[in-house]
Amino acid sequence: MIRVLLADDQSLVRAGFRALLDAQPDIEVAGEASDGEEAVRKVRELRPDVVLMDIRMPLLDGLAATRRITGDGDLKGVKVVMLTTFELDEYVFEAIRSGASGFLVKDTEPEELLRAVRAVVEGDALLSPGVTRRLIAEFAARSKEPAAVDALGELTEREREVMALVGIGLSNEEIARRLVVSPLTAKTHVSRTMVKLGARDRAQLVVLAYESGLVRPGWLG
């Protein structure tokens, strides 16, 4: 059973998400929070698998709450999916850097929301359709001079290649086609790379790909 915490200051939004999630046989809502402080407190108390976190909340916004959660070693298994009203929200870039595993607009289709919850539990990053490459382009535009990341030395040549492809926004299926391997093999390479680098999920691989210089602005093609 996947346990979800709903963090949003609008009770109507929480009620809608609860009705959808609780209707699923493999998902249950473990709790709710109406502000960022309460969200962090509830996460520590309830240890959910996934937090659906609104970016804009009182007392402590979603970004700060996410940083507290992802920065707590005792909460390593908790995944955060950021929610906002606008797909091109100015905070999306910072949300991923803060450790969020995904990003969704609040008016996303129910099926997409359910897929998001299940995907992040499996370790996949989840962004609203069409956002991934725009986010990566934004990351590239803001990217500083790459810093040397010694951990990349632990990667095999194939793992570096796979990480670079993740960095330009390719899915496991797209990576598999590019490298002429099975999707399962591509997923295995991605998983091993995340383990070696200590990355929480695919989103952090994108960040590391740019910060290490493995992928550079202009590679989006």
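# Helix packing and a few residues

Reader: Quick one. Is the H2–H3 crossing right-handed or left-handed?
Author: H2 passes H3 in a right-handed crossing. Bear in mind that this is a predicted model.

Reader: At what angle do the axes of H2 and H3 cross, and within what distance do they come?
Author: The crossing angle is roughly 20°, and the axes come within 9 Å. H2 covers residues 36–46 and H3 covers residues 62–70. Angles under 35 degrees count as roughly parallel, so H2 is roughly parallel to H3.

Reader: Which residues make the contact?
Author: From H2, they are Gly36, Glu37, Val40, Val43 and Arg44. H3 brings Ala65, Arg68 and Ile69.

Reader: Step back a bit. How many helices and strands does the protein have?
Author: The protein has 10 helices and six strands.

Reader: What share of the residues is buried?
Author: Of the 221 residues, 51% are buried. The accessible surface is about 10,500 Å², and carbon and sulfur atoms hold 51% of that surface.

Reader: And contacts? What percentage join residues at least 24 apart?
Author: That share is 66%, among contacts between residues at least 6 apart in sequence.

Reader: Now confidence. What pLDDT does the protein average?
Author: The average is 81, and 81% of the residues score at least 70.

Reader: Which element has the lowest mean pLDDT, and which the highest?
Author: Strand E6, residues 126–127, has the lowest mean, at 56. Strand E1, residues 2–7, has the highest, at 96. Where pLDDT is low, the coordinates should not be read in detail.

Reader: Stay with E1, then. Is Ile2 buried or exposed?
Author: Ile2 lies in strand E1. Its relative accessible area is 12%, under the 20% cut-off, so Ile2 counts as buried.

Reader: What does Ile2 touch, leaving out residues up to four places away in sequence?
Author: Ile2 touches Asp26, Ile27 and Glu28, then Asp49 and Val50, and also Val117, Arg118 and Val121.

Reader: Change of topic. At what angle do H8 and H9 pack?
Author: H8 is residues 172–179 and H9 is residues 183–197; they pack at about 110°, with axes 8 Å apart. That angle makes H8 roughly perpendicular to H9.

Reader: Which residues of H8 and H9 make the contact?
Author: Asn172, Ile175 and Ala176 of H8 meet Pro183, Ala186, Lys187 and Val190 of H9.

Reader: How about H9 and H10? What angle, and how far apart are the axes?
Author: The angle is about 70° and the axes are 10 Å apart. So H9 is roughly perpendicular to H10. Their crossing is left-handed.

Reader: Which residues meet there?
Author: In H9, Val190, Thr193, Met194 and Leu197. In H10, Arg202, Leu205 and Leu208.

Reader: What follows H10?
Author: Gly213 follows, with a positive phi near 85°.

Reader: Positive phi again. What is the phi of Arg47?
Author: Arg47 is not a glycine, yet its phi is positive, about 50°. Arg47 sits in the loop between H2 and strand E3. With a relative accessible area of 42%, Arg47 is partly exposed.

Reader: Last one. Where is Leu59?
Author: Leu59 is in the loop between E3 and H3. Its phi is near 70°, a positive value in a residue other than glycine. Leu59 is exposed, with a relative accessible area of 72%.

How values were computed: Residues are numbered from 1 along each chain as its sequence is written. This is a predicted model: local features need pLDDT of at least 70, side-chain atom pairs count only at pLDDT 80 or more; totals for chains, interfaces and linings use all residues. Side-chain values use heavy atoms; hydrogens and water are left out. Helices (H or I, at least four residues) and strands (E, at least two) are DSSP runs, numbered from the N terminus. Buried means under 20% relative accessible area, exposed over 50%, partly exposed in between (1.4 Å probe, protein chains only). Contact means heavy atoms within 4.5 Å. Accessible areas come from the Shrake-Rupley method with a 1.4 Å probe; for residues, only the protein chains shown count as cover. pLDDT is the predictor's confidence in each residue, from 0 to 100. Axes are lines fitted to C-alpha atoms, for helices over the stretch in contact, and angles run from 0 to 180 degrees between N-to-C directions. Angles under 35 degrees count as roughly parallel, over 145 as roughly antiparallel, 65 to 115 as roughly perpendicular and the rest as oblique. A crossing is left-handed if the near helix is turned anticlockwise from the far one by less than a right angle, and right-handed if clockwise.
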